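Please look over the sequence and the model before reading on.

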Amino acid sequence: MASSSSLKAFVALCLLLVSSTNAQLSTSFYSKSCPNLSSTVKPIIQSAINKEKRIGASIVRLFFHDCFVNGCDGSILLDDTSSFRGEKSANPNRNSVRGFEVIDSIKTAVEKACPGVVSCADILAIAARDSTAILGGPSWNVKVGRRDARSASLSAANNDIPAPTDNLNQLISRFSALGLSTRDLVALSGAHTIGQARCANIRARIYNETTIDTSFAQTRRSNCPTTGGDNNLSPLDLQTPTSFDNKYFNNLVNQKGLLHSDQQLFTGSGSTSSIVSSYSNCQNTFFSDFISAMIKMGDISPLTGSQGEIRRNCRMLNKFGVYDL
């Protein structure tokens, strides 16, 4: 029979392992292990946005699409191989998500500063915050401590990421499944105040829908013919396409939402229209709720403790399942 001291030691070890696995994210997670993390990341984001302002929106969107598939675990960053199909080739991502080279550049710089310490999942979360702030939006303290997934899900990426054709009930359902409220849905959708949409995703709205301003639809048709030009791009917010502000919500009130899913937030049969109106009237309210929603989304199913790994290259798994120097 095990001695009392042995049993206590065993229980203590079990509690330690449980605590490690269920470790919580923290804004100070890298304060000692990588104290210059923020100052390493931000200049690279700033440089990328200086070269192309659209890339800021792309980075924010990359974080969204990562978190909506099995949590914020960096799985969207994995490249396909001869024996592995990841999330990049999923319908919502193929020929659409971008910014991977920027994340690669950040990872290279961070590895020089603190090798084997910072996950790609955390780099993506910080990059999304910095992109938002640089383009005029709010900033916040990012909770970190995530580890990187050793797998990805093509099927989940195809099924779980909100689609531009979704109606209000579908949107609410998708967000609710991840613990995000209706208010979170509207606030996070406000990221569409920056970025662009492909013609293929707006054609049905600008030619067939009635809940759209006529002159706005006509303007959009000039760059999106009834056939062809599927990859032609149009700004999601025609007023200030590269500024993170509340003009997106003004557009919805005036039936100038570019995506069907966007306009549904104001014209769909639900309670979201009042939230849209409040954000349209007060940018500070939108910014405050956006911060809360981004932090909440960042908490979706993170890998912590001994789960996953810290990838040395965000595009591929480490050879031996741990950081191999």
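**Helix contact and salt bridges**

The axes of helix α3 (residues 54-67) and helix α4 (residues 100-113) come within 9 Å and cross at roughly 80°. That angle makes α3 roughly perpendicular to α4, a label for angles of 65 to 115 degrees, with under 35 counted as roughly parallel, over 145 as roughly antiparallel and the rest as oblique. This is a predicted model, in which local features need pLDDT of at least 70, side-chain atom pairs count only at pLDDT 80 or more, and totals for chains, interfaces and linings use all residues. Residues are numbered from 1 along each chain as its sequence is written, and side-chain values use heavy atoms, with hydrogens and water left out.

**Where α3 meets α4**

- I55, I59 and L62 in α3 are in contact with F100, V102 and I103 in α4; contact means heavy atoms within 4.5 Å.
- By class, this contact has six nonpolar, no polar and no charged residues. Ala, Val, Leu, Ile, Met, Phe, Trp, Tyr, Cys and Pro count as nonpolar, Asp, Glu, Lys and Arg as charged, and the others, Gly among them, as polar.
- Helices are DSSP runs (H or I, at least four residues), numbered from the N terminus. Their axes are lines fitted to C-alpha atoms over the stretch in contact, and angles run from 0 to 180 degrees between N-to-C directions.

**Salt bridges**

- The structure holds 14 salt bridges, each being a side-chain nitrogen of Lys or Arg within 4 Å of a carboxyl oxygen of Asp or Glu.
- One of them joins the side chains of D122 and R146, at 2.7 Å from N to O. D122 lies in helix α5 (residues 120-134) and R146 in the loop between α5 and α6 (154-160), so the pair ties together parts 24 residues apart in sequence.
- In another, D289 pairs with R183, and the closest N and O atoms are 2.7 Å apart. This pair links distant parts of the chain, with D289 in helix α14 (residues 283-298) and R183 in helix α8 (residues 182-189), 106 residues apart.
- R174 and D166 also form a salt bridge, with 2.6 Å between the closest N and O atoms.
- D79, K88, D104 and R315 are linked in a network of salt bridges.

**Buried or partly exposed**

- Buried means under 20% relative accessible area, exposed over 50%, and partly exposed in between (1.4 Å probe, protein chains only).
- D122 is buried at 0%, and R146 is buried at 2%.
- D166 is buried at 3%, whereas R174 is partly exposed at 22%.
- D289 is buried at 17%, whereas R183 is partly exposed at 35%.

Technical notes
Helix = DSSP H or I, 4+ residues; strand = E, 2+ residues; numbered from the N terminus.
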